[in-house]
Amino acid sequence: ANNALPDHQRVHDPGLTDLGLEQAEQLGAWMKSMPVTALWCSPFKRSLDTTEAIRRRCSLTPYVHIDLHELGGCYSGYQAIGRTGEAGMGASEL
């Protein structure tokens, strides 16, 4: 949903949509039946939102890996004047 917005309306670290939250809940329910022993995520809001659903179902403590993110997937700025890649939330924000 964020990527479908014009540049000036996008946020650099969007959370999940309502549909995304429902999908995360279903993923968490499915993963409960898997032999999962560790949960890693990036510091992006949408990753943390997804991880929360899995964490609750699987009783795991997630490891937030600051360097785990897509290259150029989140950015701030405008195409006409330049964009800056973003790395998600830092330790103090988490």
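Is serine 59 buried or exposed?

**Figure 1. Confidence along the predicted chain.** The model is a prediction, and its mean pLDDT over the chain is 80. A value of 70 or more is reached by 71% of the residues. Among the elements of the chain, helix α1 has the highest mean pLDDT, at 95. The lowest mean, 57, belongs to strand β3, which comprises residues 75-78.

**Figure 2. Serine 59 in the loop between α2 and β2.** Serine 59 is exposed, because its relative accessible area of 66% lies above the 50% cut-off. The loop that holds serine 59 runs between helix α2 and strand β2, the latter formed by residues 63-64. The backbone of serine 59 has a phi near 55°, a positive value in a residue that is not glycine. For comparison, most residues other than glycine have a negative phi.

**Figure 3. Crossing of helices α1 and α2.** Helix α1 spans residues 18-31 and helix α2 residues 45-58; their axes come within 8 Å and cross at roughly 35°. The crossing of α1 past α2 is right-handed. On the α1 side, the contact is made by Leu21, Ala24, Glu25, Leu27, Gly28, Ala29 and Met31. Helix α2 contributes Asp49, Thr50, Ala53, Ile54, Arg56, Arg57 and Cys58. By class, the residues of this contact comprise 8 nonpolar, 2 polar and 4 charged.

Figure 4. When neighbours within four places in sequence are set aside, threonine 51 is in contact with Leu39, Cys41 and Pro62. Tryptophan 40 stands 11 residues from threonine 51 in sequence, and the C-alpha atoms of the two are 8.1 Å apart.

Figure 5. Cysteine 58 takes part in the contact of α2 with α1. The structure holds 0 disulfides.

How values were computed. Residues are numbered from 1 along each chain as its sequence is written. This is a predicted model: local features need pLDDT of at least 70, side-chain atom pairs count only at pLDDT 80 or more; totals for chains, interfaces and linings use all residues. Side-chain values use heavy atoms; hydrogens and water are left out. Axes are lines fitted to C-alpha atoms, for helices over the stretch in contact, and angles run from 0 to 180 degrees between N-to-C directions. Helices (H or I, at least four residues) and strands (E, at least two) are DSSP runs, numbered from the N terminus. A crossing is left-handed if the near helix is turned anticlockwise from the far one by less than a right angle, and right-handed if clockwise. Contact means heavy atoms within 4.5 Å. Ala, Val, Leu, Ile, Met, Phe, Trp, Tyr, Cys and Pro count as nonpolar, Asp, Glu, Lys and Arg as charged, and the others, Gly among them, as polar. pLDDT is the predictor's confidence in each residue, from 0 to 100. A disulfide is a pair of cysteine sulfur atoms within 2.5 Å. Buried means under 20% relative accessible area, exposed over 50%, partly exposed in between (1.4 Å probe, protein chains only).
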